[in-house]
Amino acid sequence: MADGTGGAGALGCGGGNGEPEVSDSLKAFGEVVKAFRKRAGLTQEQFAPRVQYSVPTVASIEQGRRFPPPDFVKRAEEVLDAFGALRGAARHLSRQPGLASWFRQWARLEEEAITLWTYECRVIPGLLQTEAYARAMTTSVPPVKDEEQVDRQVAARLERQELFRRKPPIAFSFIVEQALIERGTGGVEVTRELLSHLLDRATQFNIELQIMPLRQPDHAGFDGPMRLAETVDNRWLGYSEGQRGGMLVFDRKEVSIMLQRYARMRSQALTPEDSRSLLMRMQGAL
């Protein structure tokens, strides 16, 4: 999951196993939703607009492949007149299928953050991926996965994008290497859709997207990708990720170094305006 070595203040979040876990509690929750929906005499197509989610999302939740967002639980409870059963069941959902066990600790911090900064040099950040890009990336990386495993990982990655809809909103900053787009993961059509998606995200009021150009001799990100989060009490935490594990960085000195590097990269990358112009030129060239 791309959503190392550590130093002082680093808390290892995993080791040898990066495989996502399956959650029986999610499957059980999905069955409860399905039972109440059928009791109400609603098809998925009728139920989906009432809870303001797509039919595929409803289907994924009922199949236990997708973690139900809080507003889904609230609306489903009201629409289905579930007597508090869905709210109660949701409180026992503690695992997120499709997210590697070592990543979940950071994913929980993301949900509570007021600011999220991400620099990536390997793949497009998970929060900015399209479904087609996420699927192409997931199927490209060994070991070979069956269709259910791919669906589970892609669904979990897309589920994290609910963060963009959170209220109060999160302030996002992304720095993405131009080379990641030029790579053409998934082919021309996937890349064309990705460019359109990035341009849409770049126009959101709470998202700042900067592209690091192909030629940038002075680069503060040579040590690799990083994520930074500001908590509600204005404390900053860091996260770094390697092939088969990740680590949470909480030591103030270590986090300060990450903040300095990110600040330097913001000055080295293209401005948000120039980044949008570059993305549009790349889009036109396909």
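## Terms and model

Buried means under 20% relative accessible area, exposed means over 50%, and partly exposed lies in between (1.4 Å probe, protein chains only). This is a predicted model, where local features need pLDDT of at least 70, side-chain atom pairs count only at pLDDT 80 or more, and totals for chains, interfaces and linings use all residues. Residues are numbered from 1 along each chain as its sequence is written, and side-chain values use heavy atoms, with hydrogens and water left out.

## Salt bridges

Side chains of opposite charge can pair when their charged atoms come close. A salt bridge is a side-chain nitrogen of Lys or Arg within 4 Å of a carboxyl oxygen of Asp or Glu. The structure holds 12 of them.

## A buried pair

Arg 160 bridges to Glu 110, with the closest N and O atoms 2.8 Å apart. The pair links distant parts of the chain, 50 residues apart. Arg 160 sits in the loop between helix H8 (147-159) and strand E3 (171-177), and Glu 110 in helix H6 (residues 101-112). Helices (H or I, at least four residues) and strands (E, at least two) are DSSP runs, numbered from the N terminus. Arg 160 is buried at 6%. Glu 110 is buried at 3%.

## A network

Arg 135 pairs with Asp 151, the closest N and O atoms being 2.9 Å apart. Arg 135 lies in helix H7 (residues 131-140) and Asp 151 in helix H8. Asp 151 is buried at 19% relative accessibility, whereas Arg 135 is partly exposed at 29%. Glu 131 joins Arg 135 and Asp 151 in a network of salt bridges.
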